[in-house]
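Hi,

Here is the structure I promised to pass on.

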Amino acid sequence: MKRLVPLILLALAATASAAFAAGGGQAQSPAKACKAELATLGAANFKSLYAPGASASNAMGKCVSKHARTAAANRTNAAKACKAEQAMPEADFRAAHDGKSFAEFYGRNDNDRNAYGKCVSAKANKATATQEAATMKAAKACKAERTADRAAFTAKYGGKASSAFGKCVSRSKKQ
């Protein structure tokens, strides 16, 4: 039994990493997105955004988890949107897309048979990039606001210095 546990864990890790690597056409992995955020925001702001009451390593895990959930939701929504476009009458789709059919508009190989997959990945990647840009814009604005007057910033966003930055980013993204 003791020999089986490491083998099972190894098999699970290999399966999870293979599934994660497949990513469903994701432009940037959640881990890379989080590393980019960490580099842009700095360690203290990154920790305040993702894990205000926990450790810095926990912040990276929470960031990756959040980005993975968001990417999965974006793929699901994109799939629904692409199915709706596929179900449109041909004439209506052509009128809205420069006279091209669904396969011609989204297809990228010789027979345009990959159109649905390309549609889903294009829409999901666009949604993910838009959300990431909104987060970074809000974080930069909050960073500047906090630099101007730290005490007022903390009072405005909840009274705790550790969670004020995350609350500010969350509110700013919604506006």
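Before the rest, two notes on the basis. This is a predicted model, in which local features need pLDDT of at least 70 and side-chain atom pairs count only at pLDDT 80 or more, while totals for chains, interfaces and linings use all residues. Residues are numbered from 1 along each chain as its sequence is written, and side-chain values use heavy atoms, with hydrogens and water left out.

**Salt bridges**

For a salt bridge I took a side-chain nitrogen of Lys or Arg within 4 Å of a carboxyl oxygen of Asp or Glu. The whole structure has four of them.

In one, the side chains of E85 and K123 meet at 3.1 Å, N to O. This pair links distant parts of the chain, with E85 in helix α4 and K123 in helix α7, 38 residues apart. (Helices here are DSSP runs of H or I with at least four residues, strands are runs of E with at least two, and both are numbered from the N terminus.) E85 counts as buried at 13% relative accessibility, whereas K123 is partly exposed at 26%. The cut-offs are under 20% relative accessible area for buried, over 50% for exposed and in between for partly exposed, using a 1.4 Å probe and protein chains only.

E145 is partly exposed at 28% relative accessibility.

**Around α5 and α6**

S101 sits in the loop between α5 (90-96) and α6. It is buried, with a relative accessible area of 10%. Leaving aside neighbours within four places in sequence, S101 is in contact (heavy atoms within 4.5 Å) with E90, F93 and R94.

**Aromatic pairs**

Rings of Phe, Tyr and Trp (its six-membered ring) pair if their centres lie within 6.5 Å; planes under 30 degrees apart count as stacked, over 60 as edge-to-face and the rest as tilted. That rule gives six aromatic pairs. One is F46 with Y50, a tilted pair at 5.1 Å centre to centre and 55° between the planes. These two lie in helix α3, four residues apart, about one turn of the helix. F46 is buried at 3% relative accessible area, and Y50 counts as buried at 11%. Another tilted pair is F102 with Y106, at 5.0 Å centre to centre and 55° between the planes. F102 and Y106 are four residues apart in helix α6 (residues 102-106), so about one helical turn separates them. Both are buried. F93, F102, F105 and Y106 form one aromatic cluster.

**Cores**

A nonpolar core here is a set of buried Ala, Val, Leu, Ile, Met, Phe, Trp, Tyr and Cys residues joined through side-chain atoms within 4.5 Å. The largest has 18 residues, and F46, L49, Y50, C142, F153, F165 and V169 touch the most other members. Two or more residues come from each of α2 (30-41), α3, α4 (56-87), α7 and α9. Not counting residues up to four places away in sequence, F165 touches N45, S48, L49, A139, C142, K143, R146 and F153. Apart from this core lies another, of 10 residues, among them A79, C82, F93 and A124.

**Helix α9**

The 14 residues of α9 (residues 161-174) should span 20 Å at 1.5 Å a residue, and the end C-alpha atoms are 21 Å apart, which agrees. The expected span is 1.5 Å times one less than the number of residues. The buried residues of α9 are S163, A164, F165, G166, C168 and V169. They pack against α3 (43-50), α7 (115-148) and α8 (150-156).

Cheers
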